[in-house]
Each structure stands twice: as structure tokens, then as C-alpha cells.
Amino acid sequence: MSFPPERAGKRLIISLALHSAAIIAFQLALMQLISIVQWHHFAYMIISIAMLGFGASGTLLALARERLLAISHWLVPLLMTVSGLCMMIAFPITRAGVFQFDVYLLFVESSQFPVLAANYLIFFVPFFAGALAIGILFIKHTREIGTYYFSNLLGSGIGGLLVLFVLGKVYPQSVPPLAGLLSVAAGLLCINRKYFSLHLVAGILAIFTAIFIIREPGQVPISQYKGLAQAMNLPEAEIIHRKPDIHGLVEVVSSPALRFAPALSLSFTGDVPVKKNIFVNGDFYGVIPRYSCGQQNHILDYTTQALPWAIKKGSKVLMINAGEGAPLAHAFSHQPSHVDAIIPNAGVVKMMKTVFSEESGGLFLHDRLHIHTKEARNFLASVSGKQYDLILLPQQDAFGGNAGINALQENYTMTLESFSLMWEHLSDDGLIAVSTWIDYPARTSLKLLSTLVQTLSEKGVSKPGQHIAAVRSWGTITYVLKKSPLTRGEIKNIRAFSARLYFDPLLLPDIQDEERQRFNAAEDEDFFSYVDNIMAGEEGFMEEYGFMIHPARDNKPYFSQFLKLKNIPRMVEIFGSGQVPFLELGYLIVLVTLAQSTILALVFIILPLLRLRKSQKSKGGTLMYFGALGIGYMFVEIILIQRFVLYFGHPAYAISAVISTMLVASGLGSLTSGKLPAIPRLPALIGIIIAIMLLAYTFLLTPVLQGTIAGSLPVKIIISLLLIGIPSYFKGMMFPLGIRYISEYDISQTPWAWGINGSFSVISTSLAMVIAVESGFMTVMAIAVSCYLIASSMFVFHRKIFRQNTKTRSIL
């Protein structure tokens, strides 16, 4: 028994939407899980693997198209069910010891690369099975490709929104089984009655698997080098609080060995306090402070972070990314009249106001404290005209350095545009203060200084030495930028502060060389000449320096990215090949991901398809058209995510908003394309329209977003829907229109087009990031413009490839 064709078609379309929602939900959930296990860099690996699955499915369709279509009535439901089952078990499999890899060991243990490749393949299977089901439906229903592509994209968009909601409610490891259930439901919905028993057994197995994993999620095995793993190695360490949140998994660890002593002065003679530590996605976030109303001293008074308070007692204070509250407790020990604290992680704020309110002395409920759960740039843009005596930034880097693990993390708080905003919010004698751990070779400390100097230069200050002071301890440096020149009294206070705590002045208007190493010898004495060169505005020095220490800008907001690709041979010569990865690991990981994804794309997609060249007609236009679409679409997606991270203030919101809006809008465009006449003029015209819009976005998107960043959430959502949705609507027409023309010209090329589109999407994910880091977002967007112009040109200069072999077809 089978369903009537019309009813079966509707069930297939609904199943396709459910299945597509599952795939995107699984992809986003894996990105979150991998960020916990390793670091966020591998999120790009997941995107590449997902695209690899789609591309490889096109390869199989190209090689066995007729056979697959002949059994599609029972194969499609089975593939959906198998894909759902694999979604459920893929991550648990990679938690097994033999499949666990560690990013820190990739460059020192060759055995880690096969393990990483094994992880690629394990995560590849559910995407491949799921994409094959989608590909079969597309190839089988080329006449209705607009409707089916719409269902695919609409479901994907809904899946992205679903994950945004679910991640804040359940533990991350429980999300893949939930996503898998959607695929299982899709398979059961379009089940073929003739093979009912086979599908039912697979469906029941998948459902029981999901229930078991959700009930017993287990622990997420994180890298041994992450802060949480190291804390759990301490005596009597235990996790006393765990809560999922959209900003990440929040965990609190207690141990009598966890003490809070951030580069304390050698003059400190008190007891170092035991503090509970907070971790978000396995990374150290801060400590739970113990605050008592009216306290006059704080342990941070014995660190260089106390420098701004030694210069002046600010009554109005802005604390950017104040974290868990230790800097807040320090600030209130100096009795400010008003404190605005920016703490983007709403989950941590809620925890401190409830679970740990009593232990922290009700700090987060202080009547002079105003907490803002948004990013610094969003807040600064929303309080135009408000001025502060002190603006305090969080301590940068980590003790001993962080191996460049944050190299590709967008940090819009530390760009020149951000410091310019802070400057505008300073009172006439206001201060900006920022501290950093001392790193070797010097990177963060020098980039901070160059940012401060450049900020002053752009504000028309000709003598930066009159406005910047810095103090160095054995472990940290604190910089202070003053809006007005430092006075003699303030300079005297800085010297007294340094002498009392055994710190050394690093920068003062009248600094003397002998002052700089009175108490703390520098590991590299050339560091002082580096500092002086930056203060003198020696651009040639920064160009020649071995690391990237130019200030970050919104176009390249990678403050922690220091690696210069051209200097890698020189670095190997100086530090040795075994040490270089640990200096700039983050960027190298993305380069490795790009290399691996390119190799796998060649193996699974390009090479098998070359075998088909002898039996097919000309493919030049097909390759150029669908390859350009793959690169262009992914480049735009990556850049929009980066831009909207600043706009919405958090990557999770940006990823969900951009991906969901792009997919839904593209789906509507696909649906519209099915109603358009089959003339080659249309794809050419649409490609030009997209290119013009993206060209305008290259120059106008950032000003528009910055101009509306202070708007209310509903207003920002409407603006986002328009900015993301309009070009995506037109982009959604390009793929189905191309498939329609290909199917009329040479239907055997249809799966090949599917594979080519996927293969270029695989490579473009990591490639977009590399180009963004090296040349900026505008360059990536410019390349996307070129891609859509290339796709458009295929219908202008290669129209014969897409022309129907009948005399009734129109000719451009």
C-alpha cells in the first residue's frame, strides 16, 4: 500500500523541512560542544564537515544516480532515520578514549592528526546520510526544485532558532539526541508502507537511543589544558554548581587549593584567600568574591590593577566586562558613588544574585551598582553623553601566556573604534585603565600600548607621553590613559605607589631608565626599547617586529591575533619548530583545518567527479556557476555573522540570527524562483542585483549597524531581517534556477552541480576566516561580490552550456 501521489508529495515536503531543521540544529549543537571540549576555533571545522557531507553526497549521486533514484521510495526515509541515529551517537563515540584528541598536542604528537581525521569522519557520517536524502529528493523532483529547496531552507532556518532556545534550557550534550529525533520523525513521516517493518525497527532503535543519552548525558571530556580540567586535578576539587546557558555552560569549582593571588606584590604579607572558581565552557571566568559593606581594602590593592585608584579616586566608574565581581568588590572598597558594570553573561549575573548572593555579601545587589547584561560597544553607544571618572577594562591574556588560543575570537571591546568611544565617555580628567599579564615574547603588552598611542593620535594629541603611565610588577603591567595631561602630583603618586609595593614604573612623562628595573628584572631588556619605539610612533618598528602589534580595528577585530604568516620561517629559526605552535596556536589550527578540509574535499568530491568527465558534456559553466555560488554564499554568511556579533553582542545570537534569516529568506527566494519564466536572462540579472547589494554592504553595512546599535531589540531585529533577508531572498533563487537549467541541458550533471557547490562551501568556511584575518572583512565581502558576478557571467558568456537543446529556448 502507498499514499496517493499528492499526499505523498506533501508528506515528503514536510519531512524534508523536519530533516533540514535537524541537520542545522545538530551542526550548531556540535559547534557549542566542540567549543567546550576544545576551543571555539573548531566551530569552523564543524561547518566544513557539514558542507563536506553535502558535497560528498553529490559525488555519490553523480556516480550512482540511476540506482539511487530507483530505490529512493524506501532509501530516503531510511537515510533520514539513520542520519538521526548517527546524530545521537556521533559525539558520544568521540568521547571514547581512542578518539579523543587535544589541540595542544596536534603539533607535538603526530598521532593526533589521525585522531583528528577520525573525528572528521565520525561527524561526517550523519551529515552525509542526511545530505544524501536531501540530494535524492532534489534530483528526483527537479521540476519542483523551488518548492523542495524552500522546504529545505525553511526547515534549516527554524532549526537554527530552535537551538538558540534549547541551548539555554538543557545541557549541550543533550541537544544532538533531540536534533536526531527530528530526523527520525521525518523518516517515519514519509515511511514507505512496503518497507514499514525495516523503517519501524530503525526508528524505535533511534528513539530508545535518544532517551538513554538524554537520561544519562554523562560528562563532556574537555582538554586537559583547559582551566576547568586543571582545577579538577587539585585536592578535594568538586563541581558544586552547573547550569546551562545560551552564553555557555557555567560551572563553579570548589577546592581548598584554589587561591586568588593575581601577581601579588612581594610586599603582601597577609593570607591568600581561598576562592571558588567560575568556568564558562571549561574556560576560567573568575572567582566568587567575598564582599563586606564598608570594607576599606582588597587583595587587588596589592596588584598593579590598583594603579588608577592611586592616581585618583573616581566617583563615577564604568567597569567593562566586570566578570564575576572580584574587580567590582575592589572598586567598592574605594567608595565610588556610582558604578556601571558591563557583564554580558546573564547566566553568571543571575547566579551571583541568587545562588551565591550570600557568599558574595550581596555584591551584585549593591544599591550603587548598575549591571548591564550587554556588550561594551552596545552599552557605550546607548549612553551618549554620559561621562565617567574611571573606565576599567578586564585584565588581558593569562599567566604565562595563552598560546594564541584566542587569536580568532572577535574582540570589539579592544579595537580602536572602541577606545575612541571610551575616550568620548571620559570626564575632563578621566582615566582608562587596562592590565595585562606579561608575555614572552612580548605581544599583548605591546599591542595594548600601540592601541593607546594610536587612540591619542586619532584624538589629536601630539604628545602621548604626557597622557600615558604604566607600572610593571613581576607578572603584570597596568596601563593608564588620561584624557588630560598627567599632573606632577599624579606622577608623584605613581612613584610612591610603585615604591610601596615593589613595582617599577614603565612609563611616566619624566621616566628615567634606572627606574624601570629597580625591583623587577625584565626577562628581555629589549622590551623597554620596544616600548619607547611605540611611544615615539615608529611605524617602521611595528612593521619589522616579528608579531602583529598594530592596533585592532572593527574591520579586523582580532586583538589576540599576533601571527604574521611571512614571519613563520623566522620564528622557527629563533624559537624552534616545536615551540612556534605554542606561541600562536589558534591561527595555526584554522590553517590546519583549511588544509584538512581541502584535502578531504578533493578526496570525497573533486577526484571522483573527474572520472565522469569522459561521459558528460561541457562542464566549465557548471563548475564556475555552482562553485561561485558555494564560495559567495558562505563568504557572505561568515562575514554577516562577524558583523552581527557586534550588533547583537554575543556570537550565539549572531549565528542563529544570521543563519536562520539567511536560510528562511533564501527559501522564500527559492519558492519564488519556481514561478519565474525559464529564461537565462533571469539568473544573470539576479546575480548582478546580488553583487550590487553586496558591494553596497561592503561600504555601508558597518555604518548602518553602528548607527542603530543603540536601538531597542525589536528595532534591531527588524533592521537585521531587512539587511540579512533582502540579499538572501535573491541568493535563494540562484541555486534552483541553475539546477533547472542544468537538468534541461544534461540531467546527469545535476548531482555533479550539487557536489561542486558543496566542495567549494567546504573550503570557503576556513578560507573566509584566513582572508578576514589577513586582509579584513571588506576584502572577504569584495570576493563574495566577485563570485556572484562570475555566476552571473556564466549566463552571459557561456549561455550555450545552459541552453535547452530545443529551438524554443530564448537566447540572450
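The following legends describe close-up views of a predicted model.

**View 1. The open sheet of four strands.** The 4 strands of this open sheet follow the order β1-β2-β3-β4, and their pairing is antiparallel. Strands β1 (238-243) and β4 (283-287) form the edges, each pairing on one side only. On average, neighbouring strands of the sheet are turned by 30° against each other, direction ignored.

**View 2. Pairing of strands β3 and β4.** Strand β3, made of residues 277-280, pairs with β4 in the antiparallel sense, and the pairing extends over 4 bridges. Within this region, V280 stands opposite D283 of β4.

View 3. Residue D283 belongs to strand β4. Its relative accessible area is 28%, so D283 is classed as partly exposed, given that this class lies between the limits of 20% for buried and 50% for exposed residues. When residues up to four places away in sequence are not counted, D283 touches W39, K226 and I278. The C-alpha atoms of D283 and S357 are 22 Å apart in space, and the two residues are separated by 74 positions in sequence.

View 4. Residues F196, L200, I204, I207, F208 and I211 make a nonpolar surface patch of about 520 Å². One of these residues, I207, is located in helix α8, which covers residues 196-215. I207 counts as partly exposed because its relative accessibility is 34%.

Notes:
Residues are numbered from 1 along each chain as its sequence is written. This is a predicted model: local features need pLDDT of at least 70, side-chain atom pairs count only at pLDDT 80 or more; totals for chains, interfaces and linings use all residues. Side-chain values use heavy atoms; hydrogens and water are left out. Two strands pair if DSSP finds at least two bridges between them. Helices (H or I, at least four residues) and strands (E, at least two) are DSSP runs, numbered from the N terminus. Axes are lines fitted to C-alpha atoms, for helices over the stretch in contact, and angles run from 0 to 180 degrees between N-to-C directions. Patches are made of residues with over 30% relative accessible area and no salt bridge: like charges are joined within 9 Å, nonpolar side chains (Val, Leu, Ile, Met, Phe, Trp, Tyr) within 5 Å. Accessible areas come from the Shrake-Rupley method with a 1.4 Å probe; for residues, only the protein chains shown count as cover. A salt bridge is a side-chain nitrogen of Lys or Arg within 4 Å of a carboxyl oxygen of Asp or Glu. Buried means under 20% relative accessible area, exposed over 50%, partly exposed in between (1.4 Å probe, protein chains only). Contact means heavy atoms within 4.5 Å.
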